[in-house]
Amino acid sequence: MDKFETVLFRNGDDALTSLQQTQPYLIILDHIFLNNPDKTGLEYLSAIRKKYAAVPVIYITVVDDPLVRTKTKN
């Protein structure tokens, strides 16, 4: 898989900034951001969907909350 490069971001804001410069093949997004507890992955998912709806997102979390499951579908 030499054609693909993995880029990690420690916070969602840096990831969103990066999306302005390149369109990824896939985004893997966590629900919890320990370095920014004021935002969740749902907020970043919403921002991604608004501007980059064609990019597939795998949303992962250990949070057992039915509301989170409902909001991440689609």
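Which residue in β2 is the bridge partner of I27? The views below take up this pairing and other sites in a predicted model.

**View 1. Strands β1 and β2 pair in the parallel sense.** The partner of I27 is V57, in β2. Strand β1 covers residues 27-30, and strand β2 covers residues 57-60. The pairing runs over 4 bridges. From β1 the chain passes through α2 and on to β2. This β-α-β crossover is right-handed. Helix α2 spans residues 41-51.

**View 2. Strand β2 has a covered face and an uncovered face.** V57 and Y59 make up the covered face. I58 and I60 make up the uncovered one. In a regular strand, side chains alternate between the two faces of the sheet. V57, on the covered face, is also the residue bridged to I27.

**View 3. A nonpolar patch lies on the surface.** Six names define the patch: F4, Y25, L26, I28, I58 and I60. Together they have about 610 Å² of accessible area. I58 and I60 also form the uncovered face of β2. F4 sits in the segment before α1. Its relative accessible area is 41%, so F4 counts as partly exposed.

**View 4. K39 and D13 meet in a salt bridge.** The structure holds 1 salt bridge. The side chains of K39 and D13 form this contact, at 3.3 Å from N to O. K39 lies in the loop between β1 and α2, while D13 belongs to helix α1, so the pair ties together parts 26 residues apart in sequence. Both partners are partly exposed: K39 has a relative accessibility of 31%, and D13 has a relative accessible area of 35%.

**View 5. G12 is buried in helix α1.** Helix α1 comprises residues 12-19, and G12 is among them. How much relative accessible area does G12 have? The value is 6%, which is under the 20% cut-off, so G12 counts as buried. Leaving aside neighbours within four places in sequence, G12 is in contact with F33 and Y44. K51 is 39 residues from G12 along the chain. The C-alpha atoms of G12 and K51 are separated by 15 Å.

Notes
Residues are numbered from 1 along each chain as its sequence is written. This is a predicted model: local features need pLDDT of at least 70, side-chain atom pairs count only at pLDDT 80 or more; totals for chains, interfaces and linings use all residues. Side-chain values use heavy atoms; hydrogens and water are left out. Helices (H or I, at least four residues) and strands (E, at least two) are DSSP runs, numbered from the N terminus. Buried means under 20% relative accessible area, exposed over 50%, partly exposed in between (1.4 Å probe, protein chains only). Contact means heavy atoms within 4.5 Å. Patches are made of residues with over 30% relative accessible area and no salt bridge: like charges are joined within 9 Å, nonpolar side chains (Val, Leu, Ile, Met, Phe, Trp, Tyr) within 5 Å. Accessible areas come from the Shrake-Rupley method with a 1.4 Å probe; for residues, only the protein chains shown count as cover. A salt bridge is a side-chain nitrogen of Lys or Arg within 4 Å of a carboxyl oxygen of Asp or Glu. Two strands pair if DSSP finds at least two bridges between them. A crossover is right-handed if, with the strands pointing away from the viewer, the path from the first strand over the helix to the second runs clockwise.
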